[in-house]
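The sequence and the structure come first.

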Amino acid sequence: MVKFPAPLVRLWHRLGSPRWFFETTAPWLPWLLGLGVALLGAGAFWGLALAPADYLQGNSFRIIYVHVPSAILAQSCYMLMGSCGVVLLVWRMKLADMVLEAAAPIGASFTALALVTGAVWGKPTWGTWWAWDARVTSMLILLFLYLGIMGLRQALQRPEAAGRACAILAIVGLVNIPIIKYSVDWWLTLHQPSTFKLTEKPAMPPSMWIPLLLSVLGFYALFIWSVLQSTRVVVLERERRTQWVQNFVAAEGSKA
């Protein structure tokens, strides 16, 4: 039997407390927001003003500094939701369902942004706004999964049943993530290979990939900020009848 360190066990049990999550994450929010804005600002200025034009695509390649981070975050968000689904079904941790609910609209937004910027990039590159490319199609399926999870939660009246159903759909939809990632390797597609690979050096010069890395990190910081902020709203809504939430609302009201 595997024995986990005591601090890790205590942290795991604390994560079962929405109140602990709400109080612990409050100091993180301004730092995450500031970090995200700073990184995105640096990445955008470097990528749009300082990075050289691509030798084939010219300046149209610069949309990569929005398209690639949004596509990466769209997949990361869904993996977070799938993980929350497992935690909810196995350990019945209600905070996992709150994160799942909060993350779905955020992930859908990143996916839609990736599809729109991909279409804008595809017009000068492929000569068309849309192609039923394997990666593009699997990203569209990802958007439908996000919308399906959001619609399923609204359709079911009982919160417990809605949470379990969304968790199952989120877990089942995880099969689409490796399809998105490896579609350019498994099939003959128009889409270029992944820009960043852990095992390979970037094909672009540093003057191009460093601002892209800054943009990705900035997107991640803003993503974490958004998920925490949205989850805190869900916590307040679901725990509104508890004494600690009523005390918090009263304290905030007195400040106003």
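Among contacts in the protein chain with a separation of 6 or more, 77% are between residues 24 or more positions apart. The model is a predicted one. The protein chain contains 10 helices and zero strands, and its pattern along the sequence reads α-α-α-α-α-α-α-α-α-α. The C-alpha trace of the protein chain spans about 60 × 40 × 40 Å along its principal axes. Of its 256 residues, 41% count as buried.

**Nonpolar cores**

In soluble globular proteins, nonpolar side chains tend to be buried together. In this model the largest nonpolar core has 47 residues. Tyr 78, Met 81, Leu 100, Met 139, Leu 142 and Ile 149 have the most contacts inside this core. Helix α5 (residues 94-126) gives the most to this core, with 13 residues. A second, separate core has 11 residues, among them Phe 61, Ile 63, Ile 64 and Met 208.

What does Leu 100 contact, leaving aside its neighbours within four places in sequence? Its partners are Met 81, Cys 84, Gly 85, Ile 149, Arg 153, Cys 166, Ala 167 and Ala 170.

**Helix pairs**

Two packed helices are described by the angle between their axes and the distance between the axes. Two pairs are described here.

The axes of helix α4 (residues 64-91) and helix α9 (residues 206-238) come within 9 Å and cross at roughly 40 degrees. That angle makes α4 oblique to α9. The crossing in which α4 passes α9 is right-handed. On the α4 side the contact involves Ile 64, Tyr 65, Val 66, Val 68, Pro 69, Ser 70, Ile 72, Leu 73, Ser 76, Cys 77 and Leu 80. These meet Met 208, Pro 211, Leu 212, Ser 215, Val 216, Phe 219, Tyr 220, Phe 223 and Val 227 in α9. By class, the contact of α4 with α9 has 17 nonpolar, three polar and no charged residues. Ile 64 and Met 208, on either side of this contact, are also included in the second core.

Helix α6 (residues 134-155) and α7 have axes that come within 9 Å and cross at roughly 170 degrees. This makes α6 roughly antiparallel to α7. From α6, Leu 145, Gly 148, Ile 149, Leu 152 and Arg 153 meet Ala 162, Gly 163, Ala 165, Cys 166, Leu 169, Ala 170 and Gly 173 in α7. The contact of α6 with α7 has eight nonpolar, three polar and one charged residues. Several of its members, including Ile 149, Arg 153, Cys 166 and Ala 170, are also in contact with Leu 100.

**Single residues**

| Residue | Relative accessible area | Class |
|---|---|---|
| Pro 159 | 54% | exposed |
| Arg 92 | 59% | exposed |
| Ile 179 | 28% | partly exposed |

Pro 159 lies in helix α7 (residues 159-173). Pro 159 and Asp 97 are 62 residues apart in sequence, and their C-alpha atoms are 9.7 Å apart in space.

Ile 179 is part of helix α8 (residues 176-186). It is 83 residues from Ala 96 in sequence and 25 Å from it in space, C-alpha to C-alpha.

Where is Arg 92 found? It is in the loop between α4 and α5. Most residues other than glycine have a negative phi, and most peptide bonds are trans. The phi of Arg 92, however, is near 55 degrees, a positive value.

How values were computed: Residues are numbered from 1 along each chain as its sequence is written. This is a predicted model: local features need pLDDT of at least 70, side-chain atom pairs count only at pLDDT 80 or more; totals for chains, interfaces and linings use all residues. Side-chain values use heavy atoms; hydrogens and water are left out. Axes are lines fitted to C-alpha atoms, for helices over the stretch in contact, and angles run from 0 to 180 degrees between N-to-C directions. Helices (H or I, at least four residues) and strands (E, at least two) are DSSP runs, numbered from the N terminus. Angles under 35 degrees count as roughly parallel, over 145 as roughly antiparallel, 65 to 115 as roughly perpendicular and the rest as oblique. A crossing is left-handed if the near helix is turned anticlockwise from the far one by less than a right angle, and right-handed if clockwise. Contact means heavy atoms within 4.5 Å. Ala, Val, Leu, Ile, Met, Phe, Trp, Tyr, Cys and Pro count as nonpolar, Asp, Glu, Lys and Arg as charged, and the others, Gly among them, as polar. A nonpolar core is a set of buried Ala, Val, Leu, Ile, Met, Phe, Trp, Tyr and Cys residues joined through side-chain atoms within 4.5 Å. Buried means under 20% relative accessible area, exposed over 50%, partly exposed in between (1.4 Å probe, protein chains only).
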